[in-house]
Amino acid sequence: QVVQHSHQEWEMDAQGVTTVAGLGKVSFINLLDVYSHVSIDSHACPNASHPKSQEYQRVLRRAFIRYGLPEQISLDHDSAFYDNKSASPFPSVIHLWLIGLGIQVRFIHKRPPLEHSRIERHHQTIAGQAFEGQTFADIAALQRSLQARLLFLNQEYPTRALDEHPPFRAFPQARHSGRPYALDAEEQLLDLQRIYAYLQAGRWFRQVSAVGIFSLGGYGYNATTQFAEQIVEITFNATTRKLICLPEKSNAAFQFDIQGLTKSALMGSTLTLPGYVPYQL
């Protein structure tokens, strides 16, 4: 679908490990609005070659506070977002969390630069503007530099694609999506019914182990040794909130209560954000 307005789609990606003077190895998570070219956020993850889903949730929450909720976020097949080790992938925690917040998730089908070319170029822009050639005493100083350069890029730096205007001048409406978010309201915004409806349309296949266990979404389920070494077809009933499992050698299905599908599990243990940046709710 062609993107037609601001905050219709954000691209999110981790740049990968970069050596920053004074800090060593740092990985950066960057977000960019496709339509307006607004630099949404940049988050430094020290001593992390592969940021965890909690780091992505942290930077997304900060972005939601500033810009509101987008309609859609596009992602690659990084293991933080996508079960790329399975031929029948179950949605990740961050995928389900975004769906619960009313944000659609789009996974790219082609490798950059055929897709995600904007965010790949944006990595280079952020690096050149915010930290290359500079030395930082701590991660907080680096993050302050990132935030300051994002503000400069959005308010002052001319963009060729926008007739040499900065994004906020070309698209004043890009300052907020119109879909408000606040940390203390996240639990109310998170609608499990959206997730139930999404999962009900899915179907997954898992191999039961020799001791009768199969794994789905990072949780183990005991199918008993009666079904050892069999493939089970798994669907989800949104009404009962149960997994329906049909083994390959039987017409009798069995059920499990789905694990991990609670607000607390999807939101994580804490909603605190880094204290080195001021926030206006």
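User: In β9, which residue is the bridge partner of tryptophan 204?

Analyst: Two strands are said to pair if DSSP finds at least two bridges between them. In this predicted model, the partner of tryptophan 204 in β9 is isoleucine 234. The two strands concerned, β6 (residues 204–207) and β9 (residues 231–237), are antiparallel and share 4 bridges.

User: On what basis are the residue numbers and values given?

Analyst: Residues are numbered from 1 along each chain as its sequence is written. The model is predicted, so local features need pLDDT of at least 70 and side-chain atom pairs count only at pLDDT 80 or more, while totals for chains, interfaces and linings use all residues; side-chain values use heavy atoms, with hydrogens and water left out.

User: Which residues of strand β6 are on its covered face, and which on its uncovered one?

Analyst: Trp204 and Arg206 form the covered face of β6, whereas Phe205 and Gln207 form the uncovered one.

User: Where does serine 88 lie, and is it buried or exposed?

Analyst: Buried means under 20% relative accessible area, exposed over 50%, and partly exposed in between, with a 1.4 Å probe and protein chains only. Serine 88 belongs to the loop between β4 and α2 (93–100). Its relative accessible area is 12%, so serine 88 is buried. Contact means heavy atoms within 4.5 Å. Leaving aside neighbours within four places in sequence, serine 88 is in contact with Arg203, Trp204, Phe205 and Arg206.

User: What is the order of the strands in the open sheet?

Analyst: Strands of a sheet pair through backbone hydrogen bonds, either parallel or antiparallel. The open sheet here has 5 strands in the order β3-β2-β1-β4-β5, with mixed pairing. Each of β3 (39–46) and β5 (104–107) stands at an edge with a single partner strand, so one side of each lacks a neighbour in the sheet. From one strand to the next, the twist averages 25°. Within this sheet, β1 (residues 10–20) and β4 (residues 72–75) run parallel and are joined by 2 bridges. Tryptophan 10 has isoleucine 73 of β4 as its bridge partner.

User: Which strands does helix α1 lie across?

Analyst: Axes are lines fitted to C-alpha atoms, for helices over the stretch in contact, and angles run from 0 to 180 degrees between N-to-C directions. Helix α1 (residues 53–67) lies across β1, β2 (24–33), β3 and β4, and runs at about 150° to β3. Helix α4 (residues 139–155) also packs on the sheet, where it touches β2 and β3; its direction makes about 165° with that of β3.

User: Which residue takes a positive phi in the hairpin of β7 and β8?

Analyst: That residue is glycine 217, with phi near 65°, in a hairpin that has 2 residues between the strands. Strands β7 (residues 213–216) and β8 (residues 219–222) are antiparallel and pair over 4 bridges. In β8, asparagine 222 is the bridge partner of isoleucine 213.

User: What is the phi of histidine 37 and of histidine 116?

Analyst: Histidine 37 has a positive phi near 70°, although it is a residue other than glycine. Histidine 37 sits in the loop between β2 and β3 and is partly exposed, with a relative accessible area of 26%. Histidine 116 has a positive phi of about 60°. Its loop runs between β5 and α3 (117–130), and histidine 116 is buried, at 3% relative accessible area.
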